[in-house]
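I opened this notebook to record what I looked up, one topic per entry. The entries follow the order in which I consulted the structure.

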Amino acid sequence: MFVDQAFIRVRAGKGGDGAVSFHREKYVAAGGPDGGDGGRGGNVIFVADTNKTTLVEFKYKTKYIAPDGEPGRGKQCSGKAAEDLIVRVPLGTLVREKESGRLLADLSDDQPVVIARGGRGGWGNQHFATATRQIPRFAKPGLPGEEWDLKLELKLLADVGLVGFPNVGKSTLISVVSAAKPKIANYHFTTLTPVLGVVRVDAEKSFVMADIPGLIEGASEGVGLGHAFLRHVERCRLMVHVVDVSGSEGRDPLEDFELINRELKRFSEDLAQRPMLVAANKCDIAGEEQVRAFCDEMQRRGYQVFEISAATRKGVDALINAVSAALDELPPVVRYDPEPLPVEEILPGDSRQFEITRGDDGIYYIKADWMPRILASVNMDDYESLQYLQRTLFNTGIIARLEEMGIQENDTVDIDGFEFDYLR
């Protein structure tokens, strides 16, 4: 079964809780705090797998939950970080946030992508000892991991897309130029799913061709099978428009050509501007004048047209060589850049309430219900991620409030257990 869309929920692991523990040793009456930190929760990582061709498994398993980090222990022993959860998807899968449609990742190569980050482990009580608080009987809980409702969308990675009306010979063409063996029969919609084939030009050169199920008028609006599979030609660098030049089913080849191009344009303006070659198929059963009239009109419109017969391979080699030459001049397969998450989307609605207090130890403590989610998304070892945290503090008014309270340079600020020195 070919499935190219699925909806799932992923949740990264919670960080382990910090431990409350005190050093115990013979002849040591008052050992200090030695509670260890909790371990990091597991990430949810997506990896493209070239052995997968469909999202069908995500129709049956829709929840993916990474394990939690281990809690800290005494004697300054930190909890073990949880193992990451690896989710394998077909090459070319787009991962979007379900509600907003925001693109999180484009799995178009073998690089793994962290979709949901595990929560940081909580600090043990060893971190909270001060000159005035020598016996801290508290520790920090681990932060929750990120959680997303996702839409998975498969857009095939192909250099060339075959488009055209049903039964014009696309499946026959891909079967004679590659090792792909699609079902071929003399009726409409024989091809029910996209078919990929690797076309070898010579020993060192090849390209991927996709046979897209036949389009009909209204495909861009969901008529027939076209609406379901037009997305698979969006990445193609080059289009090959296959036309039944013989008009064997009583249709006008030129009208067919115009209708399909119209549907491509309705679906995507960018797709309509993609380079296109025209394959005038079934020329072996068409009249010479019929073929010449169609080819002349295509050339007049600026298209490179090839007279072929996929069934007998007549003219097929010339078409493949032209496709290969055109691909050499075109940019690589389209890949989409992830969209960053604005601060406004992280904060729930207009709830940006926070409370700042100054403790007896001189530390400024910031409390906010939405802050754990912010901290969970920040990598403290990454400069850009820390800049994002700084922008959040500015945009929510926290920095302004600290300055109103008289904070000075190098004063300590505590945000849910994460401490840093204030710098102007």
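**Entry 1. A buried salt bridge.** I looked up Arg237 and Asp159 and found both residues buried. I note that the model is a predicted one. Arg237 and Asp159 form a salt bridge, with 2.9 Å between the closest N and O atoms. Arg237 sits in the loop between helix H2 (226–229) and strand E12 (238–244), and Asp159 in the loop between E8 and strand E9 (160–163), so the pair ties together parts that are 78 residues apart in sequence.

**Entry 2. Other salt bridges.** I asked how many salt bridges the structure holds. The count is 22. I then looked up the side chains of Asp328 and Lys205, which meet in a salt bridge at 2.9 Å, N to O. Asp328 belongs to helix H6 and Lys205 to strand E11 (residues 205–211), so this pair ties together parts that are 123 residues apart in sequence. Asp328 is partly exposed at 47% relative accessibility, and Lys205 is partly exposed at 30%.

I turned next to Asp296 and Arg292, whose side chains form a salt bridge of 3.5 Å, N to O. Because Asp296 and Arg292 are four residues apart in helix H5, about one helical turn separates them. Asp296 is partly exposed, with a relative accessible area of 38%, and Arg292 is partly exposed at 38% relative accessibility. I also recorded a network of salt bridges that links Glu258, Glu297, Arg300 and Arg301.

**Entry 3. A buried charge without a salt bridge.** Where does Glu146 lie? I located Glu146 in the loop between strand E7 (113–116) and strand E8 (147–154). Glu146 is buried but has no salt bridge. The nearest side chain of opposite charge is that of Arg117, 5.4 Å away. I then looked for a polar atom and found the backbone nitrogen of Arg117 at 2.9 Å from a polar atom of the Glu146 side chain.

**Entry 4. Aromatic pairs.** I found two aromatic pairs in the structure. Phe58 is buried at 1% relative accessibility, and Tyr64 is buried at 7%.

Phe257 and Tyr303 form an edge-to-face pair, with 5.2 Å centre to centre and 80° between the planes. Phe257 lies in helix H3 (residues 253–267) and Tyr303 in the loop between helix H5 (288–300) and strand E14 (304–307), so this pair ties together parts that are 46 residues apart in sequence.

**Entry 5. Cysteines.** How many disulfides does the structure hold? I found zero disulfides. Cys283 is in no disulfide, and the nearest cysteine sulfur, that of Cys295, is 8.1 Å away. Likewise, Cys295 is in no disulfide. Cys283 is buried, with a relative accessible area of 8%, and Cys295 is buried, with 2%.

**Entry 6. Positive phi angles.** I began with a general point: most residues other than glycine have a negative phi. Lys75 is not a glycine, yet its phi is positive, at about 60°. I placed Lys75 in the loop between strand E3 (63–65) and strand E4 (85–90). Lys75 is exposed, with a relative accessible area of 72%.

Arg313, also a residue other than glycine, has a positive phi near 70°. I placed Arg313 in the loop between E14 and helix H6 (316–328). Arg313 is partly exposed, with a relative accessible area of 35%.

**Entry 7. Ala48 and its contacts.** I located Ala48 in strand E2 (residues 44–49). Ala48 is buried, with a relative accessible area of 11%. Which residues does Ala48 contact, leaving aside its neighbours within four places in sequence? I listed Val89, Leu91, Leu107 and Asp109. I also looked up Asp106, which is 58 residues from Ala48 along the chain; their C-alpha atoms are separated by 9.4 Å.

**Entry 8. The protein as a whole.** The protein has ten helices and 18 strands. Of its 424 residues, 49% count as buried. Among contacts in the protein with a separation of 6 or more, residues 24 or more positions apart account for 71%.

Key
Residues are numbered from 1 along each chain as its sequence is written. Side-chain values use heavy atoms; hydrogens and water are left out. Helices (H or I, at least four residues) and strands (E, at least two) are DSSP runs, numbered from the N terminus. Buried means under 20% relative accessible area, exposed over 50%, partly exposed in between (1.4 Å probe, protein chains only). Contact means heavy atoms within 4.5 Å. Lys and Arg count as positive and Asp and Glu as negative; His and the chain ends are not counted. A salt bridge is a side-chain nitrogen of Lys or Arg within 4 Å of a carboxyl oxygen of Asp or Glu. A polar contact is a pair of N or O atoms within 3.5 Å; within protein, one must be able to donate a hydrogen and the other to accept it, and residues adjacent in sequence count only if both atoms are side-chain atoms. Rings of Phe, Tyr and Trp (its six-membered ring) pair if their centres lie within 6.5 Å; planes under 30 degrees apart count as stacked, over 60 as edge-to-face and the rest as tilted. A disulfide is a pair of cysteine sulfur atoms within 2.5 Å.
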